[in-house]
Amino acid sequence: MNNLKLKIQSQKNIIILALIFVMPFTMYLLFVKGISIDNYKITQITSYFFAFKIFYLFCFNLLFNLNNKKNTFITFFIFLIIGILSVLIPSSEFTFKDIMSADNNFIFFVHTILNKNLFLDIIFFIMTALSFNEYKNYKNISEVFTFSFNMIIYSVFYSIFSSVIFMIVFVFIINLLKNFFINTFSDTSLIINTFVLFIFYIFAFTPFIIYSVYKKDMKDKNISIYFSRIMMYISLYNIVKYLFTMYMPYNNPYDIRINFILYNVAITIGAVNLFFVRIDYKASIFTKVVYIIFPITAFIFNIIIFSSLIYRIKEYGISPNKLTLIFTNMIILVHFILIIIDNIKSLKKLGSIKNIKDIILTNNRSYYVYVYGIIAFIICFIMPLFYSQL
């Protein structure tokens, strides 16, 4: 009986948190009017909509510590500080029209904002990891990667399915009652806002719903493990392909910017994916071989990318994007080295294992994400200060 009461109370808390989150956006959409895209300031994008995002993450993180007042306060304090820093740094007033006529120095500043919004996700993930572990066992966060990926996969599928069903029903009702809506509502904005709100509610409530079900029934169903392994195969294929075609005409990253960008994206996806890959005794021999080969191949590829970065800096000069890539390429390089070292240590144990299928390759580098977090903090809150006065 007590367990049933606790489950009901937990469900109520999850619903209340979800309702609390959607209220600010609902009020904003219904009552804030007259903002055109031409006059929409980028600082409004990075403050208003960012405020909804960080408030959402705060509400979701509270789910992990609902019955712990101390951890609730810690979560609130951390999100408050990061939220204030994110809105205030940088703090500059400019519009989309300004960008079109801006000089190079101004474009540098725009790039710092774009990089900031990208790397803030790393900081938010670390905040979620700490909250998930109740601010204990900061090194043991491999479970957080599995949990996060599971939540993303289930939420995406559920949201898409629900959205499609809702849009079909919505269009059907609109067509069925078209004359009624035309005669009753002179302004179609109410109908449009209602449609937007319902789509927003689907995506907003989904993670809370999935978390409730996941915690109770799906905790041991780690579908993310298989997705991450598939992504590892794809990443290895892409990197090998780029290595063999890099020096063909129109494919080198040294002088062709789009290739430089694509290769950096490929190496970044590979590095991120390695955080989510879990190699245990259940993995096939093929998967284990790929896990050994992948970091070595990626390491070689990363060195070439880094050399192209140095070349482009010499030829075209420094920029916030290139400075960011210097940081990220260096820590990704170290990341691959650490995994290669761990794999070598694991392979030394082969002699003492009777069945090669039972080998578990070492994967204890999850806490290396904190190094990415330090770089993300520099990119988000220190680099913009150098450009905020331009």
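A residue counts as buried under 20% relative accessible area, as exposed over 50%, and as partly exposed in between, using a 1.4 Å probe and protein chains only. By that rule Tyr56 is buried, at 19%. The model is predicted: local features need pLDDT of at least 70, side-chain atom pairs count only at pLDDT 80 or more, and totals for chains, interfaces and linings use all residues. Residues are numbered from 1 along each chain as its sequence is written, and side-chain values use heavy atoms, with hydrogens and water left out.

**Overall architecture**

- The protein chain has 14 helices and zero strands. Helices (H or I, at least four residues) and strands (E, at least two) are DSSP runs, numbered from the N terminus.
- Of the 390 residues in the protein chain, 44% are buried.
- Contact means heavy atoms within 4.5 Å. Among contacts with a separation of 6 or more, 80% join residues 24 or more positions apart.

**Nonpolar cores**

- A nonpolar core is a set of buried Ala, Val, Leu, Ile, Met, Phe, Trp, Tyr and Cys residues joined through side-chain atoms within 4.5 Å.
- The largest such core holds 83 residues, and Phe60, Phe208 and Phe301 touch the most other members.
- Helix 5 (residues 104-132) gives the most to this core, with nine residues.
- Another core, of five residues, lies apart from it; Phe260, Leu309, Ile313 and Leu325 are among them.
- Leaving aside neighbours within four places in sequence, Phe60 is in contact with Phe147, Met151, Pro207, Phe208 and Tyr211.

**Aromatic pairs**

- The structure holds 31 aromatic pairs. Rings of Phe, Tyr and Trp (its six-membered ring) pair if their centres lie within 6.5 Å; planes under 30 degrees apart count as stacked, over 60 as edge-to-face and the rest as tilted.
- Tyr56 and Phe208 have ring centres 6.0 Å apart and planes at 80°, so the pair is edge-to-face.
- Tyr56 lies in helix 2 (residues 42-62) and Phe208 in helix 8 (residues 189-218), so this pair ties together parts 152 residues apart in sequence.
- Phe208 is buried, with a relative accessible area of 1%.
- Phe60 and Phe208 also form an edge-to-face pair, 5.7 Å centre to centre with 80° between the planes.
- Phe60 lies in helix 2 and Phe208 in helix 8, so that pair ties together parts 148 residues apart in sequence.
- Phe60 is buried, with a relative accessible area of 9%.
- Ring pairs link Tyr56, Phe60, Phe64, Phe132, Phe147, Phe208 and Tyr211 into a cluster.

**Helix packing**

- Axes are lines fitted to C-alpha atoms, for helices over the stretch in contact, and angles run from 0 to 180 degrees between N-to-C directions.
- Angles under 35 degrees count as roughly parallel, over 145 as roughly antiparallel, 65 to 115 as roughly perpendicular and the rest as oblique.
- The axes of helix 12 (residues 320-347) and helix 13 (residues 369-381) come within 10 Å and cross at roughly 175°. That makes the two helices roughly antiparallel.
- Thr324, Phe327, Ile331, Ile332 and His335 in helix 12 meet Val371, Tyr372, Ile375, Ile378 and Ile379 in helix 13.
- Helix 6 (residues 142-176) and helix 9 (residues 223-245) pack at about 90°, with their axes 8 Å apart. Helix 6 and helix 9 are therefore roughly perpendicular.
- Helix 6 brings Thr146, Phe149, Asn150, Ile153, Tyr154 and Phe157 to the contact, and helix 9 brings Ile223, Ser224, Phe227 and Ser228.
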